[in-house]
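Dear colleague,

Please find below the structure I promised to pass on to you, with its sequence.

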Protein chains: 2
Amino acid sequence: MAERKTSDERRDEILRATLRLVATKGFASVTLRDVAAEVGVVHGLIRHYYASRDELVAAAFDDAVTRELESDRAQLEGLAPLAALAGWFSATPAHHYLVWIDAWSEAPRTPALAAALDRHHRHCEQILIDLILRVVDAGQGSSIDPAADARMLTALADGVAVQHHAMGIIGVDEADTIVLGAAEQRLGLAPGSLARAHPAPARGHWAEV
Amino acid sequence: MAERKTSDERRDEILRATLRLVATKGFASVTLRDVAAEVGVVHGLIRHYYASRDELVAAAFDDAVTRELESDRAQLEGLAPLAALAGWFSATPAHHYLVWIDAWSEAPRTPALAAALDRHHRHCEQILIDLILRVVDAGQGSSIDPAADARMLTALADGVAVQHHAMGIIGVDEADTIVLGAAEQRLGLAPGSLARAHPAPARGHWAEV
DNA sequence: GCGGTAATTGTACAAGTGGACAATAAGGCT
DNA sequence: AGCCTTATTGTCCACTTGTACAATTACCGC
């Protein structure tokens, strides 16, 4: 018959397929048979790897969170302070944010999701705090309360992402303008300095999911 | 048997019950039998008033949007410019925002929802633009581009609402501080002026749903 | 090779879904 | 009063869902 995969390979394959479907159909609508079809196996096999549907989607989201945080940190490491800060705010792929938005709406009803989301959010804030500190240390900006600045800018980025990805009310350029402009004002940077430091959009690190 | 209601009464009753359930369980999980049980009738009756489940939830959301926009505008009419602006940003009830967040996540897959959401969002922005203009006309603040300011502050308010309502990461006080502080800075108001103008929290206009 | 572990299949089932529809009964109109 | 519209009920159906499980069949160590 068809070739057989190792336990770990299959597990990972199922996770990624699940996440792909979540991005398309939303958490609530992903079915075990959907996942099985996406992977190309029988739905009974999914059960062999994950005890229940809830465990599967929770694991998929948790895995996505973990993988993305690693990826983000690595991607910004080699850049100059301003470029890294601008890169952090640059538009993320749609698949990506649609999953977060979906997670927001499910979190109040799904404790496991809420926990992973909380972890991810705090981690994102911490990354932004570090980026702000790098800019301040380099003498290129100022921040009285980096944590408060990070919290505010994260909220703004999320809200802008909603307007851009979920509602299509604003384009990617305007989204960048709003967030980068607010960051410049907030951190005492010269207007346009972040926009100029904006690196080439490094999209696609979500694509290989 | 049980007393009979007029067509319009029942229609409205079903709409409100649907919306209540959407706030609790999310759009995707609301079932015709859930709505019927909430109203206290047989699920066949729902079909008598709404041709399909999709039509029902779309109608419920559309009705909520319409009703809320009226309510908001009326609520802010009698206030002084600064108080009205502060009141607009004051925390909205959780039920309320959870529905919007859920709508964001469903909109990319449900055109009817996307349309209603778009309408609601543009209307909200317009209300905020008017509030900003009132403040500027009263000589209490400045705005070079009220539309851009409104768009940015709306995004921020939405992002803060996510952190507050969906993730529980920040409390209501901190949420107000972030949004009001950003508005003060953006509109050239003295720090704290909006916080002081903050009217008594007028919650509950969603409660009668 | 041979055997056992486990990955994979296929099928079965109970619960719940949206939708359809005939039967009933309440209430307004003449 | 009787009638006729229609709100309301109860039941039925085809379908999908998550879960369960016995039967296979590939692979790996001996």
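Helix 5 of chain B, which runs over residues 81-89, is mostly covered, since 7 of its 9 residues are buried. The buried residues of this helix are B:L82, B:A84, B:L85, B:A86, B:G87, B:W88 and B:F89. If you look for what lies over them, you will find that the cover includes helix 4, helix 7 (111-137), helix 8, helix 9 (172-186) and helix 10 (193-197) of chain B.

Please keep in mind that this is a predicted model, and that confidence therefore has to be read along with the coordinates, since low-pLDDT regions should not be read in detail. Chain A averages a pLDDT of 91, and 94% of its residues score at least 70. Among the elements of chain A, helix 2 (residues 32-39) has the highest mean pLDDT, at 98, whereas helix 4 (residues 53-77) has the lowest, at 90. Over residues 203-208 of chain A, however, the pLDDT is below 50, and this stretch has 6 contacts in the model beyond near neighbours in sequence.

As for the overall build of chain A, its secondary structure comes to 10 helices and 0 strands. The C-alpha trace of chain A spans about 65 × 30 × 30 Å along its principal axes, and 42% of the 209 residues of this chain count as buried. Of the contacts in chain A with a separation of 6 or more, 65% are accounted for by residues 24 or more positions apart.

The two chains also touch each other, and the contact takes 30 residues from chain A and 29 residues from chain B. On the side of chain A that touches chain B, helix 6 (94-106), helix 7 (111-137), helix 8 (146-166) and helix 9 (172-186) of chain A each supply at least two residues. Which helix gives the largest share of that side? It is helix 8 of chain A, with 11 residues.

Next come some pairs of packed helices. Such a pair is described by the angle between the two axes and the distance between them. In chain B, the axes of helix 6 (residues 94-106) and helix 8 (residues 146-166) come within 10 Å and cross at roughly 115°, and helix 6 of chain B passes helix 8 of chain B in a left-handed crossing. From helix 6 of chain B the contact is made by B:A94, B:Y97, B:L98 and B:I101, and from helix 8 of chain B by B:A161, B:V162, B:H165 and B:A166. These residues divide into 7 nonpolar, 1 polar and no charged.

In chain A, helix 1 (residues 7-25) and helix 2 pack at an angle of about 115°, with their axes 9 Å apart, and helix 1 of chain A passes helix 2 of chain A in a right-handed crossing. Here A:E13, A:I14, A:A17, A:T18, A:R20 and A:L21 of helix 1 of chain A make the contact with A:D34, A:V35, A:E38 and A:V39 of helix 2 of chain A. The residues of this contact divide into 5 nonpolar, 1 polar and 4 charged. In chain B, the axes of helix 1 (residues 7-25) and helix 2 (residues 32-39) come within 9 Å and cross at roughly 115°, and the crossing is right-handed.

Finally, consider B:A58, which is found in helix 4 (residues 53-77) of chain B. Is B:A58 exposed, partly exposed or buried? B:A58 counts as partly exposed because it has 19 C-beta neighbours inside 10 Å, while a buried residue needs 20 or more. Not counting residues up to four places away in sequence, B:A58 touches B:A112 and B:L113. The C-alpha atoms of B:A58 and B:V35, which are 23 residues apart along the chain, are separated by 14 Å.

With best wishes

Notes:
Residues numbered from 1 in each chain as written. Chains lettered and ligands numbered in written order. Predicted model: local features only at pLDDT ≥ 70, side-chain atom pairs only at ≥ 80, totals over all residues. pLDDT = per-residue confidence, 0-100. Helix = DSSP H or I, 4+ residues; strand = E, 2+ residues; numbered from the N terminus. Contact = placed C-beta atoms within 7 Å. Buried ≥ 20, exposed ≤ 12 C-beta atoms within 10 Å, placed from the backbone. Axes fitted to C-alpha atoms, helices over the stretch in contact; angles between N-to-C directions. Left-handed = near helix turned anticlockwise from the far one by under 90°. Nonpolar A, V, L, I, M, F, W, Y, C, P; charged D, E, K, R; others polar.
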